[in-house]
Amino acid sequence: MPKGPMPKGGKPMFRKGTFKRLVKQLFSFYPVMLPTLLVCILFNAVISSIPSVFMQNVIAIIEKYWKTGDWDTAKPEIISVVGTLVIFYVLSLISGFIYNQLGAIITQGSLKKLRCEMFDKMQDLPIKYFDTHNHGDIMSYYTNDIDTLRQLISQSIPQLMISAVTVVTIIAIMIYYSVWLTLVVALGVVLMFFVTKTVGGKSARYFIAQQTAIGETEGYIEEIMNGEKVVKVFCHEEECKEAFDRINDTLFEDSRKANKYANILMPILGNIGNVMYVIVALAGGIFMALNVPNVSISGLAIGISIVVPFLNMTKQFCGNIGQVSNQINSVVMGLAGADRIFALIDEEPEADNGYVTLVNARENADGSLSECGERTNVWAWKHPHQDGTVTYTRLTGDVRFNDVDFGYDPEKIVLHNITLFAEPGHKIAFVGATGAGKTTITNLINRFYDIADGKIRYDGININKIKKADLRRSLGIVLQDTNLFTGTVMDNIRYGRLDATDEECIAAARLAGADNFITRLPDGYKTQLTGNGANLSQGQRQLLAIARAAVADPPVMILDEATSSIDTRTEAIVQRGMDALMYGRTVFVIAHRLSTVKNSDVIMVLENGRIIERGNHEKLIAEKGKYYQLYTGAFELE
């Protein structure tokens with residue numbers, strides 16, 4: 001995805017075909033409204049160009065009857081011309097009203113649909129995308145880039161169309177009236193084009209740089225807001241201010257340069273237009289002088305009925321050229337924003353070639369399983385085969401790793417030859433120093449990342465054959481960092497299973513040991529949570545996370561240092577909730593405090609991505625290896 005302000009060549013960084021794709025997208029959104037809007041825009045543009053024609057006709061009529069003084073004959077002709085002009089203006093007013101109404105619908109509706117497309121695509125992206133992209137920069141797609149696209153669709157494109165049609169119409173009328181005066185105007189157009197290309201090109205590049213700098217600034221602000229407590233704990237306020245000043249200075253410089261060129265472009269073009277007006281007036285005067293009897297030169301002589309409307313058309317022509325130049329920056333920024341939006345939409349979604357699904361099942365009299373529609377608390381893997389047969393395997397939570405290698409970067413493997421098995425109902429603990437690979441193993445179970453080599457089997461089925469959504473539905477996760485969403489306490493518990501009833505959510509809260517503190521909240525289960533549950537303690541938030549996992553009722557649980565950030569007393573409460581949650585399930589525990597894994601069936605000691613010891617607590621203590629050293633305090637985990 002293009003992220004920098006411009007490539008080394010200094011050209012605006014958006015892909016070829018972005019405008020064409022945007023237009024196709026708009027037509028797909030509004031196949032009837034958009035053509036109607038374009039017709040109204042074209043009609044208004046043509047109408048804005050023809051007053052000069054009517055002015056020429058009126059002046060010609062006045063010039064014709066000036067010598068005779070027969071104004072009674074002239075009056076009906078003048079009224080006819082003016083009446084026709086009034087009719088055109090009324091039609092223009094009606095089309096303008098339709099254009100404005102349709103423009104608002106198309107602009108806001110298109111942005112709404114694009115935001116939906118982006119958000120839907122974001123849900124399909126792999127975890128790796130969010131690990132490698134600044135969250136504030138992602139947010140700028142929905143704010144900064146969408147806003148530049150709004151300006152492009154609602155203002156720049158219509159204005160460019162109106163100006164372009166007006167210019168073409170005026171040129172045609174000019175050529176019809178006087179080729180020589182048109183050539184005088186053409187010389188000024190060449191000069192305006194050169195100025196626009198030189199000054200406007202520089203302005204456009206810096207406007208793109210400004211857009212990227214805004215994304216970086218928003219990203220930094222979001223990062224500091226999320227870590228404000230850490231900033232204050234370490235008294236890094238001044239360092240944060242300095243870092244922000246550097247980023248903000250970059251934004252200022254890009255914005256200053258962009259607006260410096262943009263602000264001088266219009267005055268230059270305006271003055272060129274004024275000079276052209278004067279030159280056309282002088283040339284018109286000379287050509288009128290050539291119309292004197294016995295002096296007239298064929299093809300050059302014109303009358304006042306041509307010169308006056310020609311001056312008006314010159315002013316209108318220069319104004320529209322200025323409007324086109326003024327929209328260049330908005331067009332470039334809008335296309336850059338559209339390109340970033342399309343780049344997000346074009347991101348490779350999370351690959352999923354699985355075909356084994358998780359279904360509700362019923363046990364038959366002969367012990368076999370059959371699929372059913374209602375919830376039975378019995379789950380089975382539905383495995384279709386190439387011969388057309390389908391087998392059902394009971395979901396029990398048997399997880400096995402066979403010689404698994406993995407690296408976040410294919411060139412750098414971080415897990416080596418991981419072999420382990422977790423039988424249904426067993427509790428497997430991973431211990432080791434930070435970076436040993438504990439969390440990475442659990443990320444492979446739920447396929448946040450795919451392995452480089454080896455096999456992972458779930459109930460005897462290769463997890464690559466299982467659809468990711470079904471695989472993850474069978475797993476419950478309680479993380480060290482709890483994420484709560486804006487909504488009620490009940491909503492946050494129900495997040496584990498959206499079709500859970502209030503009674504099931506309350507039962508899950510009781511199982512987790514959360515019901516006691518929830519009922520003491522101001523509105524109980526209806527208490528509103530905001531800011532990631534900022535009005536709750538860390539322990540209370542963890543209990544809600546456990547209740548959320550409990551209501552999902554998964555056969556396999558992953559507990560990633562779920563008690564590492566809470567005090568010992570709160571840990572005892574949370575531990576009781578986790579013990580209740582773990583009962584009868586296969587559990588993978590990433591341990592921070594070794595005291596919490598003493599009762600594990602198997603403890604895996606990891607070092608540099610390898611399992612160096614395995615066994616229960618008593619066995620590992622007796623061996624007096626790394627686990628013994630960690631447990632007795634000879635080495636620290638962190």
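A residue is called buried here when its relative accessible area is under 20%, exposed when that area is over 50%, and partly exposed in between (1.4 Å probe, protein chains only). Helices (H or I, at least four residues) and strands (E, at least two) are DSSP runs, numbered from the N terminus. With that in hand, take helix α12, residues 438–445: it is mostly covered, with 7 of its 8 residues buried. Those buried residues are Lys-438, Thr-440, Ile-441, Thr-442, Asn-443, Leu-444 and Ile-445.

A word on what you're looking at: this is a predicted model, where local features need pLDDT of at least 70 and side-chain atom pairs count only at pLDDT 80 or more, while totals for chains, interfaces and linings use all residues. Residues are numbered from 1 along each chain as its sequence is written, and side-chain values use heavy atoms, with hydrogens and water left out.

Now zoom out. The protein has 20 helices and 16 strands, and 46% of its 638 residues are buried. Its accessible surface comes to about 32,300 Å², and carbon and sulfur atoms hold 59% of that (Shrake-Rupley method with a 1.4 Å probe; for residues, only the protein chains shown count as cover). As for contacts, meaning heavy atoms within 4.5 Å, take those with a separation of 6 or more: 73% of them join residues 24 or more positions apart.

Helix α1 gives you a packing to look at. Two packed helices are described by the angle between their axes and the distance between the axes. For α1 and helix α11 (residues 328–345), the axes come within 10 Å and cross at roughly 75°. That makes α1 roughly perpendicular to α11, a label for angles of 65 to 115 degrees, next to roughly parallel under 35, roughly antiparallel over 145 and oblique for the rest. The axes themselves are lines fitted to C-alpha atoms, for helices over the stretch in contact, with angles running from 0 to 180 degrees between N-to-C directions. On the α1 side the contact uses Thr-18, Phe-19, Arg-21, Leu-22 and Gln-25, and α11 brings Leu-335, Ala-338, Asp-339, Phe-342 and Ile-345.

Stay with Gln-25 for a moment. It sits in α1, which spans residues 18–29, and because its relative accessibility is 15%, Gln-25 counts as buried. Leaving aside residues up to four places away in sequence, Gln-25 touches Leu-114, Glu-117 and Phe-342.

Thr-527 is another one to click on. You'll find it in the loop between α16 (515–518) and β12 (528–529), and at 7% relative accessibility Thr-527 counts as buried. Its side chain reaches the backbone oxygen of Gly-524 at 2.8 Å.

Most residues other than glycine have a negative phi. Asp-403, though not a glycine, has a positive phi of about 50°; this residue belongs to strand β5 (residues 399–406), and at 46% relative accessibility Asp-403 counts as partly exposed. Asn-417 likewise has a positive phi, near 50°, and lies in strand β6 (residues 415–422). Asn-417 is partly exposed, at 46% relative accessibility. Back at α12, the helix is followed by Arg-447, whose phi is positive, near 60°.

How values were computed:
A polar contact is a pair of N or O atoms within 3.5 Å; within protein, one must be able to donate a hydrogen and the other to accept it, and residues adjacent in sequence count only if both atoms are side-chain atoms.
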